[in-house]
Amino acid sequence: MKSRLYFWFKTYLGFSGKESRGLVLLIPLMVILGLIPNVIRYVKHQQSELIYRQYLHQLDSLEKAGFTLVASPLPTFNPQDTARKAALPKVAERINRIDFAEADSVTLQIVPGIGPSTAGRIIKYRENLGGFVSPAQLEEIYGLKPETIEAIWEYFDFSPVITKKIPINRVELEELAKHPYVSYQEAKVILAYRKQHGDFSKASDLLKVKIFKKDWVDKIAPYLDFN
């Protein structure tokens with residue numbers, strides 16, 4: 001029988017004699033490994049059955065002795081284990097809401113998604129701008145995700161607050177170019193026009209510089225001081 005099996009392996013599968021002998025030894029081992037999980041499940045089932053029968057026997061004995069079972073000694077499912085607990089008030093409901101203009105790099109960290117680094121960038125950008133006039137300006141801050149911006153307004157109120165303005169008729173080139181909305185090239189043009197045509201009296205005077213767009217002028221207008 002064994003020789004016929006080796007002959008079949010060699011003829012149809014191309015196995016050498018050594019490979020055929022190895023396969024013959026491997027097949028029973030694979031069968032045994034495949035049966036082990038079933039054997040383990042069977043043994044565990046038998047043990048569980050034995051424990052349960054012993055429990056019923058003890059229960060019958062106790063009842064005959066006059067005892068009454070009020071709780072199972074076996075592990076049982078308790079609905080309270082998975083019941084939803086009463087939700088605590090949201091953090092936003094437990095804190096005092098302040099205006100976003102009053103927030104600092106510490107209080108901003110109450111917002112999920114804002115750590116020390118992000119809070120620092122927000123405060124720095126607000127200071128460089130001179131204050132926020134619109135919630136949408138937060139979208140200009142690098143690394144601040146839309147969902148984090150939305151979460152900010154669950155903790156803070158918003159009102160337009162300008163803390164610093166640019167004295168457009170006295171400012172020097174380097175200082176003007178520091179503003180986030182004004183590039184160095186744009187600052188050069190503004191100062192050159194001022195030198196040639198005199199002081200600006202209102203924001204719309206900047207539109208006399210033909211290369212400036214109204215959208216950009218409207219954007220920087222809240223930060224300009226014409227006195």
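**Notes on the predicted model**

1. Starting with the largest pocket, its lining has six nonpolar, two polar and five charged residues. Here Ala, Val, Leu, Ile, Met, Phe, Trp, Tyr, Cys and Pro count as nonpolar, Asp, Glu, Lys and Arg as charged, and the others, Gly among them, as polar. This is a predicted model, in which local features need pLDDT of at least 70 and side-chain atom pairs count only at pLDDT 80 or more, while totals for chains, interfaces and linings use all residues. Residues are numbered from 1 along each chain as its sequence is written, and side-chain values use heavy atoms, with hydrogens and water left out.

2. How much space lies in the largest pocket? About 190 Å³. Of the 13 residues lining this pocket, N128, K164, I166, E175 and K178 are the closest to its centre. A pocket is an open set of points on a 1 Å grid over the protein atoms alone, with protein on both sides within 12 Å along at least five of seven lines; a cavity is a set where a 1.4 Å probe fits but cannot get out; lining residues have an atom within 4 Å of a point. Points are joined across faces, edges and corners, and a volume is the space filled by probe spheres set on them.

3. Which elements build that lining? Helix 5, strand 3 (166–167) and helix 7 supply at least two residues each, and helix 5 has the largest share, with three residues. Helices (H or I, at least four residues) and strands (E, at least two) are DSSP runs, numbered from the N terminus.

4. On the overall layout, the protein chain has nine helices and four strands, and from the N terminus on they run α-α-α-α-β-α-α-β-β-α-α-α-β. Buried residues (under 20% relative accessible area, with exposed over 50% and partly exposed in between, for a 1.4 Å probe and protein chains only) make up 25% of the 227 residues. Among contacts (heavy atoms within 4.5 Å) with a separation of 6 or more, 55% join residues 24 or more positions apart.

5. The largest nonpolar core has 41 residues, and L108, L138, L176 and I190 have the most contacts inside it. Helix 5 (116–129), helix 6 (146–152), helix 7 (173–177), helix 8 (184–197) and helix 9 (214–220) each supply at least two of its residues, and helix 5 gives the most, with five. Such a core is a set of buried Ala, Val, Leu, Ile, Met, Phe, Trp, Tyr and Cys residues joined through side-chain atoms within 4.5 Å. Beyond its neighbours within four places in sequence, L108 is in contact with F100, A103, I114, A119, I122, I123 and F156.

6. Do take a look at I168, in the loop between strand 3 and helix 7. I168 is buried, at a relative accessible area of 1%. Leaving out residues up to four places away in sequence, I168 touches L176, I190, R194, F200, L224, D225 and F226. Its C-alpha atom is 8.7 Å from that of L191, 23 residues apart along the chain.

7. L224 belongs to strand 4 (residues 224–225) and counts as buried at 5% relative accessibility. Past four places in sequence, its contacts are K165, I166, I168 and L206. The C-alpha atoms of L224 and P167, 57 residues apart along the chain, are separated by 6.3 Å.

8. Is P160 buried or exposed? P160 counts as exposed, at 59% relative accessibility. This proline sits in the loop between strand 2 (156–157) and strand 3, and touches F132 and V133, not counting residues up to four places away in sequence. The C-alpha atoms of P160 and F132 are 5.9 Å apart, across 28 residues of chain.

9. T148 lies in helix 6 and is buried, with a relative accessible area of 7%. Its contacts, leaving aside neighbours within four places in sequence, are V111, P112, G113 and I114.

10. Finally, a word on confidence. The mean pLDDT (the predictor's confidence in each residue, from 0 to 100) of the protein chain is 83, and 73% of its residues reach 70 or more. Over residues 76–87 pLDDT stays under 50, and the model has one contact beyond four places in sequence for them. Where pLDDT is low, the predicted coordinates should not be read in detail.
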